[in-house]
Amino acid sequence: MSISFTPIGNICRSPMAEAVFAHTVKEHGYADEWTIDSCGTADYHIGKQPDKRGIAYLKSQNIPVNHRCREITQEDFTKFEYIFGMDNSNMQNINRVKPKNSTAKVELFGSYDPKGQLIIEDPYYGGDEGFEEVFEQVTRCSEGFLKKIYGKP
């Protein structure tokens, strides 16, 4: 199975979602079944590491981060089974570049939040607490998505 998390810049939410999802599937014994990635719809941060605040928060939770920012490609739409946006603007941007031969399911990752928080807000312009909120939400969404796939987390 394969999944890509795709907001605009690939520097805050998506590297965090990628790392949390990888950690979650590993904890549940599914790691060998998944290809996990993230990218952005814009080329703002290509080649850069994720935001240092997100890295610091993930490290405080003992979750490793090994990521360099990249932009979504046409090939991603056939390489990944799922491409998740974080908000409605992301979804518009993803669908705008989605090729006709796409086989990926394009959805909001927040649709798997058991608390019903559909939009995963961008913490980039805020403080450290925004990264904690994103962490909590992508953790819930990861568990919710795995429950959909496997019938249990």
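Helix α1 passes α2 in a right-handed crossing. A crossing is right-handed if the near helix is turned clockwise from the far one by less than a right angle, and left-handed if anticlockwise. This is a predicted model, where local features need pLDDT of at least 70 and side-chain atom pairs count only at pLDDT 80 or more, while totals for chains, interfaces and linings use all residues. Residues are numbered from 1 along each chain as its sequence is written, and side-chain values use heavy atoms, with hydrogens and water left out.

The helix names come from DSSP runs numbered from the N terminus (H or I, at least four residues, for helices; E, at least two, for strands). Two packed helices are described by the angle between their axes and the distance between the axes. An axis is a line fitted to C-alpha atoms, for helices over the stretch in contact, and angles run from 0 to 180 degrees between N-to-C directions.

For α1 and α2 (residues 52–60), the axes come within 10 Å and cross at roughly 20 degrees. That angle makes α1 roughly parallel to α2; the cut-offs are under 35 degrees for roughly parallel, over 145 for roughly antiparallel, 65 to 115 for roughly perpendicular, and oblique for the rest. Met 16, Ala 19 and Val 20 of α1 make the contact with Gly 54, Tyr 57 and Leu 58 of α2, contact meaning heavy atoms within 4.5 Å. By class, that contact has five nonpolar residues, one polar and no charged. Ala, Val, Leu, Ile, Met, Phe, Trp, Tyr, Cys and Pro count as nonpolar, Asp, Glu, Lys and Arg as charged, and the others, Gly among them, as polar.

Next, α5. How do the axes of α1 and α5 cross? Helix α1 (residues 13–27) and helix α5 (residues 128–150) have axes that come within 9 Å and cross at roughly 45 degrees. That makes α1 oblique to α5. Their crossing is right-handed. The residues of this contact divide into 11 nonpolar, three polar and two charged.

Helix α2 also meets α5: the axes come within 9 Å and cross at roughly 55 degrees. So α2 is oblique to α5. Here Arg 53, Gly 54, Tyr 57 and Leu 58 in α2 meet Asp 128, Phe 131, Glu 132 and Phe 135 in α5. That contact divides into four nonpolar residues, one polar and three charged.

Now the pockets. On a 1 Å grid over the protein atoms alone, a pocket is an open set of points where a 1.4 Å probe fits, with protein on both sides within 12 Å along at least five of seven lines; lining residues have an atom within 4 Å of a point. Grid points are joined across faces, edges and corners, and a volume is the space filled by probe spheres set on the points.

The largest pocket holds about 230 Å³ of space. It has 13 lining residues, and the closest to its centre are Glu 18, Ala 19, Ala 22, His 23 and Pro 64. Helix α1 gives the largest share of this lining, seven residues.

The second largest pocket holds about 160 Å³. Its lining includes Pro 7, Tyr 44 and Asp 122.
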